[in-house]
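Student: Please give me a close look at one part of this structure: the places where its pieces meet. Keep it brisk, and take the contacts one by one.

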Amino acid sequence: MHPPILNQMLSSVPDDSPLQPGEVALIGAGPGDPGLLTVRALRLLAQADTVIYDRLVGAGIMALLPPQCQTIYVGKAAGDHVLPQEEINQLLVRLARTGKRIVRLKGGDPYIFGRGGEEIEDLRHAGLSYRVIPGITAASGCATYAGIPLTHRDHAQSCTLVTGHLKKDGELDLNWQALAQPGQTLVFYMGVNSTVVITENLTAAGLAAETPVAVIERGTTAQQRVLRSTLDDLPRLVAREDIRPPSLLIIGSVTALAYDEFQPVVQESVAC
Amino acid sequence: MMNLPLVLRGSARPFVLVGGGQVAARKLLTLLKAGAQVQLIAPELHADIAACAGNPLLSIEQRPASLTETFDSGSLVVLATDNHALNKQLAINARKAGCLVCRCDETEDNDFIFPAVIDRSPLLVSISTSGASPALTRHVRQRLEAFLPQEYRDLGAFAERLRGQIKQQLAAPLRAGFWRRWIGSLAPELILARQAERAEAVTAELLNGDVEEQGEVYLVGAGPGDPDLLTFRALRLIQSADVVFYDRLVNPLILDFIHPQAERFYVGKAKSDHAVPQEGINQLLVDAARSGKKVLRLKGGDPFIFGRGGEEIEELAAAGIPFQVVPGITAASGCAAYAGIPLTHRDHAQSVRFVTGHLKNGTCDLPWQELVHPGQTLVIYMGLSGLPHICAQLMAAGMEKTTPVALVEKGTLPDQKVHVSTLEDMPDYIAGRTIQAPTLTIVGSVVSLHERLKWR
């Protein structure tokens, strides 16, 4: 490690104001690999009195917290809501009002399917101060570790990130016609339990049944699994391989590019 | 320096630990983890101590320590009661018996102390400020923790195994040279990237003297601008590279992290300022890697989201050059967080689409109809000069002309500006202003949250 790094790491940067008592930093922890935490995220974590985290934040990242820091787990797996969102929002407000320095640590990025906006809105209502630090979103982390470029001159000129989380009526309110158009990569977050709905709707809207897809389970962690198949086989693939959340679905011809032999992947299996 | 750091084998001497509270519990866990035999004396036991009761290394005497307590010579004594007078007297008794003493309540009266430890066994890093400042110790420890990923365990274990093999295979005078070459080779970085098999292969080649060493390319996302949004994995690879190729979107502050001896080359990438054309860049990467170097290709944002990373690795793969890709915070994510505009939101957007507004022949060819959906946020990369055209096309395709639009100028940098207008008014808005690249455009009702959620 050469001196500029040490200076950077050990002294605070002039424009980097420290976390204030009563302030909340909403921080994206990235997709799982602790190496994908940002420098700023770690700097703020070091100043926290209390860290509120959910299931998508891995043990490797929690190990970086100072030992005296209080941690509160608020769940967030599908079907394992330790605390409902409204109560998480209220908890943040309550704790910040006691004058503690709070970090709300979330998997991925707080403003891409992280419900960060709702948490911040409640803080603002309560007149509390806050800041938001982006994290590597699952689409970016998982695609990279699986060797799948999300955009590519010859394959995809755009990329759409979509939630696959079903509404109560079992439907997804999406513009399927637009999603079925060629020349783009589709990324479904939280979609592993909705593959039947996704495949049916995309196929009905005209996306070819043989469109390549990839499923990435526990992406960027040492347990990452990457499975490739085609759109029509997607629901069977998920059932056959017993794929569980957190998983990401990528749909589009970029998933047929296979450069992951050089990626830090421990376990790789190819379906079909 | 009046302290001497030594590393003690946990089982070398028995420990006596006096005290049953939280401080004692922490010391006990540290000692048991190191394989030390511990005799613990305390009238009441902290839950963490009670939980260790079955451990064969631990014997508990559940009673108060007396002022006349005696100690076996040769044991190490840790005093962790909250009674200063008792600790002081026990320290005297212990030293009389020839024991070394650690008092947890008094930094001036210690024969030994417990440093903070980063445990990547077999690698251990201990940090001590000689009792001067526990807060500083924690501070340094935490920073080092992040620089030593858990995979250092594997690196240590690999080196340990290799050491036995080297002793058998190489004559003593050759060993030091081998280790120098090995630690500077790709093998350690491959182990950290969880690629043990390739590390084995590189090591075997080194051992067999096949010094035609293959380099490697690291394709690394530098994030949207703020140097603090670099990831630790990116930082580590930036520091370890021998040669660096970077483009215009990389913050100069990030270039400061490059090793001073590394060669660095600017390869352009401003719109009409391709210092080196794309094909030329690929050839430079291949040539540098073939000469055995660790080559860093540093790009703004994320290499796989409008970074042409896919094309670059295709060329590398075709040339048989190994590579690693490290994601970066993409501009959409960085600008959204720093501008206070969530890209998805329960009440506004269930999806977000990234497109590039890069102009070709003065126009940009986007599937306008597909981009119009009220429940979707649209993010346009590189779209400043085409923005009037983009706004007009979106309206022509049926997007509401009152749809809010945010133009984030120099996103995440200290001089970031957020310009908010509507699809209809944005062209006039920018016509009257000087706006500097890089910019990012966000279109959709989430932009209406900016006024409420902005924080910088």
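Tutor: Start with the term we will need. A salt bridge is a side-chain nitrogen of Lys or Arg within 4 Å of a carboxyl oxygen of Asp or Glu. Keep in mind that this is a predicted model.

Begin inside chain A. Chain A is divided into domain 1, residues 4-136, and domain 2, residues 139-257. Taken over C-alpha atoms, the centres of these two domains of chain A lie 28 Å apart. How many residues are in contact across this boundary of chain A? Domain 1 of chain A brings nine residues, and domain 2 of chain A brings 13. Together the two domains of chain A bury about 830 Å². Carbon and sulfur atoms account for 71% of that area. Three residues stand out on the domain 1 side: P31(A), D33(A) and F113(A). They supply 50% of the area that domain 1 of chain A buries against domain 2 of chain A, more than any other three residues. Now apply the term. Between domain 1 and domain 2 of chain A, the count of salt bridges is zero.

Next, move to where the two chains meet. The size of an interface is often given as the accessible area lost when the parts come together. For chain A and chain B, the buried area is about 6700 Å². Carbon and sulfur atoms give 60% of it. In this interface, 78 residues of chain A are in contact with 77 residues of chain B. Over all chains, the whole structure has 40 salt bridges.

Look at two named pairs. D228(B) forms a salt bridge with R40(A), and their closest N and O atoms are 3.4 Å apart. This pair crosses between chains. D228(B) sits in the loop between β8 (216-221) and α9 (232-240) of chain B, while R40(A) sits in helix α2 (residues 39-45) of chain A. A second salt bridge joins the side chains of R346(B) and E86(A), at 3.8 Å from N to O.

Now a helix pair within chain B. Helix α6 (residues 172-184) of chain B packs with helix α8 (residues 196-207) of chain B at an angle of about 145°. Their axes are 11 Å apart, and α6(B) passes α8(B) in a right-handed crossing. Which residues meet there? From α6(B) come F178(B), R181(B) and W182(B); from α8(B) come T203(B), L206(B) and L207(B). By type, this contact has four nonpolar residues, one polar and one charged.

Finish with the backbone. Most residues other than glycine have a negative phi, and most peptide bonds are trans. The bond from P245(A) to P246(A) is cis, with omega near -5°. P246(A) lies in the loop between α9 (234-240) and β10 (247-251) of chain A. In chain B, the bond from S121(B) to P122(B) is cis, with omega near 5°. P122(B) lies in the loop between β6 (116-120) and β7 (123-127) of chain B. M190(A) is not a glycine, yet has a positive phi of about 50°. M190(A) is found in the loop between β7 (184-189) and α8 (195-204) of chain A.

Conventions
Residues are numbered from 1 along each chain as its sequence is written. Chains are lettered from A and ligands numbered from 1 in the order in which they are written. This is a predicted model: local features need pLDDT of at least 70, side-chain atom pairs count only at pLDDT 80 or more; totals for chains, interfaces and linings use all residues. Side-chain values use heavy atoms; hydrogens and water are left out. Axes are lines fitted to C-alpha atoms, for helices over the stretch in contact, and angles run from 0 to 180 degrees between N-to-C directions. Helices (H or I, at least four residues) and strands (E, at least two) are DSSP runs, numbered from the N terminus. A crossing is left-handed if the near helix is turned anticlockwise from the far one by less than a right angle, and right-handed if clockwise. Contact means heavy atoms within 4.5 Å. Ala, Val, Leu, Ile, Met, Phe, Trp, Tyr, Cys and Pro count as nonpolar, Asp, Glu, Lys and Arg as charged, and the others, Gly among them, as polar. Domain bounds come from an automatic or database domain assignment. Buried area is the accessible area (1.4 Å probe) that two parts lose on being put together, summed over both.
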